[in-house]
Amino acid sequence: MTRRGTFRAIGGRSGRAATAAALLALGLGLPLGGCASTIADMPMVGMPAGAPARPAEVGTYLPVHDLPTTREGTAMAPADQAKMQAELTAARDRQAVVLPAKPAAK
């Protein structure tokens, strides 16, 4: 008899009341959470004493579709490019002597 009464208390009206209270709290909390941004703009409520002033102009998006200007000349002269490639090849060869290549995996 006590088991039956215990299950009634858990699944009965008190369980439904707790579920209803939780849903009511959630239902009221979501719309009130949307008001947080307007409450933050109020002068006496939202801004702390040492907070910096907000900018008058809202930030703009970065110009992602603007193309860069065209270059008038080449980025690097062919002689400089050949010199740079020779230096990089020499540096690679020096490191290959110091750090030999890893053996092939079996």
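Predicted model: local features only at pLDDT ≥ 70, side-chain atom pairs only at ≥ 80, totals over all residues.
**Notebook: surface patch, salt bridge, helices**

I started with the surface and found a nonpolar patch of about 330 Å², made by Leu23, Leu26 and Leu30. Patch members need over 30% relative accessible area and no salt bridge, with like charges joined within 9 Å and nonpolar side chains (Val, Leu, Ile, Met, Phe, Trp, Tyr) within 5 Å. The areas are Shrake-Rupley values with a 1.4 Å probe, and for residues only the protein chains shown count as cover.

Residues are numbered from 1 along each chain as its sequence is written, and side-chain values use heavy atoms, with hydrogens and water left out.

I then looked up Leu30, which sits in helix α2, residues 13-34. Leu30 counts as exposed because its relative accessibility is 61% (buried is under 20%, exposed over 50%, partly exposed in between, with a 1.4 Å probe and protein chains only).

Next, salt bridges (a side-chain nitrogen of Lys or Arg within 4 Å of a carboxyl oxygen of Asp or Glu). I found one in the structure: Arg92 pairs with Asp93 through their side chains, at 3.8 Å, N to O. Arg92 is exposed at 53%, whereas Asp93 is partly exposed at 42%.

Last, the overall picture. I get four helices and zero strands, running α-α-α-α from the N terminus (DSSP runs numbered from the N terminus: helices are H or I, at least four residues; strands are E, at least two). Of the 106 residues, 1% count as buried. The accessible surface is about 10,700 Å², and carbon and sulfur atoms account for 65% of that.
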